[in-house]
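Q: I would like to learn how to read a model of this kind, feature by feature. Could you take me through it slowly?

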Amino acid sequence: EMPYCKLKQLWHGVQQLGNLKHINLMHSEHLTQMPDLSCAPKLETINLQYCTSLLHVPSLSFPTFNKPTSEGRTFLRTLRDPATLILNGCSSLKSLPNISGSMKYLHLSYTAIEELPTSILSLDDLTLLDLTGCNLKNLPNNISKLGSLKDLYLRNCSSFNKFPELPRNIVKLDLSGTAIEQVPSSIKHVSTLQELHLMNCTRLMNLSTSICELKHLRDLSLLRCSKLENFPEILEPMESLGSLDLRETGITGLPRFSLVNLITLRSLFLDDCENLASVPHSIFCISSLQRLSLSNCPRVELLAPMSQICSHRLKELNMSNCSALELPDWFGCLSSLEILDLRGNHFDTIPKSIKNIPWLIELQISNCKNLRSLPDLPLSVGFLDASGCTSLETVSNSKTNIVQGHWNDYHVTLHKEFLFSDCSKLDQNARDNIMTESYIRILRAVILSVLEPGEKFYLLNEKPSVSICCPGNEIPKWFSDQYAKSSVTIKLTPDWHENFIGFALSAIVAFEDCYFEGVSIELRCQFYFKTKYGESGKFLCSFEEFWDLELQNEFTILNSDHVFMWYKHEDYHDYLDAVEVTFDFLLREFDHDGLHISSCNNKFRNCGVRLLYVQDAEGFGIDSNPRPFVEQDDIFDEAEPGGDETIDFDTDEPHPKRTKLSNL
């Protein structure tokens with residue numbers, strides 16, 4: 001063991017090394033050559049990775065072991081495994097020595113090797129050959145004789161231009177970044193292949209239809225194969241393919257009907273396919289599909305009408321920055337959909353059927369410049385981003401649904417965030433609807449906070465919270481304590497904590513003629529309790545962790561005042577005897593490294609606080625004593641994988657950590 005040593009050479013001549021098993025000289029940057037190791041009969045591992053000055057390695061003869069019998073296979077292999085040679089990053093090494101004996105792993109990535117010796121064909125036990133980043137143009141003839149080879153990596157061998165004749169037992173094949181132009185029909189003979197990576201093969205133009213005969217293929221990646229214009233017909237069912245990546249390819253279209261033969265496909269990626277003009281309806285007939293992403297496909301304008309939807313498992317659909325002019329009504333039939341990303345499209349309405357998607361958690365429609373109205377959404381929605389919808393005028397009134405909705409539907413996520421920044425055409429009725437919904441969502445989150453046992457939030461590592469933003473220059477009157485400054489102090493009465501359930505916060509930020517020099521900004525409120533004994537406690541409540549200005553640009557171009565409202569659950573039990581509480585509202589900028597570079601507290605026009613009580617919830621008709629919704633909460637069940645302990649939330653006995661409203 002001599003890693004990082006400064007030696008140029010170990011010794012001259014031949015040494016008797018009868019017991020030597022392992023050599024580790026990794027990162028010995030001055031080492032230029034290795035000595036003769038012919039008298040090291042037990043040698044098993046040589047690790048010379050990143051010996052960047054290494055020019056020469058002598059011929060290597062590793063022990064040859066007889067094939068073990070089936071009765072003694074485990075015992076013999078435990079005693080003596082085939083050898084490993086690691087030469088990764090030996091960037092000066094241009095040739096590989098003759099190698100004989102039993103070898104299992106041969107790592108040659110990012111060496112200067114241009115050709116492999118024919119002796120490599122005698123390595124019957126070789127299972128992994130890593131040639132990533134080498135200058136190879138081809139492999140030795142008869143490489144297919146390596147019957148034990150399972151993993152072959154030729155990634156970024158930019159001169160490699162011919163698809164190799166492969167051993168029949170290959171499991172993983174990586175030809176990414178090579179110069180191959182086609183995948184021949186002979187690929188079907190590699191019947192054990194599970195992963196085929198062809199990323200960045202910028203000369204690849206043809207993929208054989210025989211690809212569908214690979215019954216064990218699980219992962220096929222063609223990312224950035226820019227000359228690949230056609231994906232082959234899938235002539236028979238592919239029984240294992242789970243992921244297909246066609247991002248940034250030259251694909252102009254997909255097979256109209258045969259895609260249904262992708263019977264196990266879970267993820268299909270078509271992002272940045274600039275020539276893709278249509279999406280065949282057969283995609284939505286892949287019954288196993290869970291994730292479909294075709295963002296930044298500017299020629300996709302319409303989705304085909306359908307009478308029947310088979311994608312009942314589809315959980316995520318990304319159509320951001322396409323040119324969709326209309327959304328089909330059958331969107332409401334995607335019953336398992338959780339994430340729907342429609343940013344930057346051209347439609348002017350969203351079908352009312354979206355309300356029928358029971359598990360929808362996230363809806364992104366920012367920068368849909370033609371969108372004029374927003375219909376009722378499922379109660380399950382926890383994140384809505386309508387920022388930059390500059391034509392949006394109306395937002396439906398969901399007050400009744402939110403108040404009367406079943407708690408199991410409403411609390412799919414603990415965090416609720418609704419953004420309407422730069423929606424400058426919202427009419428007064430829409431703004432009123434947003435405000436009213438904001439109060440109700442905050443109060444329902446608060447009720448959840450005090451009724452749910454603390455163990456749940458601890459295990460999920462999050463607390464109930466609500467964040468809402470929209471254009472406006474007045475803090476709603478609902479926030480009873482309002483101030484024209486960023487720091488305020490509220491005197492508390494002796495009984496302030498009776499039925500108290502939390503704080504709601506609000507602020508008006510002036511963005512007009514505002515320029516930020518940093519890459520991200522953060523809006524937060526720090527508040528401090530002061531007790532009659534002079535003790536104090538500090539809490540932090542952020543509206544949103546960070547806004548990335550480089551990616552979103554929203555807050556660099558806003559030219560009007562915006563109102564922010566937010567709530568986050570905290571435990572205030574230690575400060576029930578407080579006599580006052582002080583709130584400091586902060587707006588801060590950060591640089592690329594996340595370092596605070598400036599404060600922008602002068603951008604606050606007004607700030608507001610509301611102390612929340614049980615009566616507030618009851619005033620809106622919200623049930624302040626519902627049955628806990630966690631009876632069948634899968635998220636909570638998964639928070640303790642393999643755990644033996646269970647927590648009974650249905651017991652009639654008071655939970656030791658469940659807070660009673662009257663005592664909070």
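Q: Is asparagine 321 buried, partly exposed or exposed, and what relative accessible area does it have?

A: This is a predicted model, so every value here is computed from predicted coordinates. Asparagine 321 has a relative accessible area of 37% and is therefore partly exposed, since that class lies between the 20% and 50% cut-offs. The residue sits in the loop between β17 and β18 (339–341), and its phi is positive, about 55 degrees, although it is not a glycine.

Q: Where does asparagine 200 lie, and what is its phi near?

A: Asparagine 200 is found in the loop between β11 (195–197) and β12 (206–207), with a positive phi near 60 degrees in a residue other than glycine. Its relative accessible area is 28%, so asparagine 200 counts as partly exposed.

Q: Which residues does asparagine 318 touch, leaving aside those up to four places away in sequence?

A: Asparagine 318 belongs to strand β17 (residues 316–318), and at 13% relative accessibility it counts as buried, because buried means under 20%. Not counting residues up to four places away in sequence, asparagine 318 touches Asp271, Leu292, Ser293, Leu294, Ser295 and Asp341.

Q: How should I read the two faces of a strand, and which residues of strand β26 are on the covered face?

A: In a regular strand, side chains alternate between the two faces of the sheet. In strand β26 (residues 487–491), Val488 and Ile490 make up the covered face, whereas Ser487, Thr489 and Lys491 make up the uncovered one. Strand β26 pairs with β31 in the antiparallel sense over 5 bridges, and serine 487 has aspartate 584 of β31 as its bridge partner.

Q: How many aromatic pairs does the structure hold, and why is the pair of phenylalanine 503 and phenylalanine 583 called edge-to-face?

A: The structure holds 25 aromatic pairs. For phenylalanine 503 and phenylalanine 583, the ring centres are 5.3 Å apart and the planes stand at 75 degrees, so this pair is edge-to-face, a term used for angles over 60 degrees. The pair links distant parts of the chain, with phenylalanine 503 in strand β27 (residues 500–510) and phenylalanine 583 in strand β31 (residues 578–590), 80 residues apart. Phenylalanine 503 counts as buried at 3% relative accessibility, and phenylalanine 583 counts as buried at 0%. Another edge-to-face pair is formed by phenylalanine 529 and phenylalanine 539, at 5.8 Å centre to centre and with 90 degrees between the planes. Here phenylalanine 529 comes from strand β28 (residues 520–531) and phenylalanine 539 from strand β29 (residues 536–548), and both residues are buried.

Q: Which residues form one aromatic cluster?

A: One aromatic cluster is formed by Trp496, Phe500, Phe503, Phe527, Phe529, Phe539, Tyr572, Tyr575, Phe583 and Tyr613. As a separate feature involving a ring, arginine 247 lies over the face of phenylalanine 269, at 5.6 Å from the ring centre.

Q: What pLDDT does the protein average, and where does it stay under 50?

A: The protein averages a pLDDT of 83, and 82% of the residues score at least 70. Over residues 69–79 the pLDDT is below 50, and this stretch has 6 contacts in the model beyond near neighbours in sequence. Residues 627–664 also stay under 50, although the model has 52 contacts for them beyond four places in sequence. Where pLDDT is low, the predicted coordinates should not be read in detail.

Conventions. Residues are numbered from 1 along each chain as its sequence is written. Side-chain values use heavy atoms; hydrogens and water are left out. Helices (H or I, at least four residues) and strands (E, at least two) are DSSP runs, numbered from the N terminus. Buried means under 20% relative accessible area, exposed over 50%, partly exposed in between (1.4 Å probe, protein chains only). Contact means heavy atoms within 4.5 Å. Rings of Phe, Tyr and Trp (its six-membered ring) pair if their centres lie within 6.5 Å; planes under 30 degrees apart count as stacked, over 60 as edge-to-face and the rest as tilted. A charge sits over a ring if NZ of Lys or CZ of Arg is within 6 Å of the ring centre and within 35 degrees of the ring normal. Two strands pair if DSSP finds at least two bridges between them. pLDDT is the predictor's confidence in each residue, from 0 to 100.
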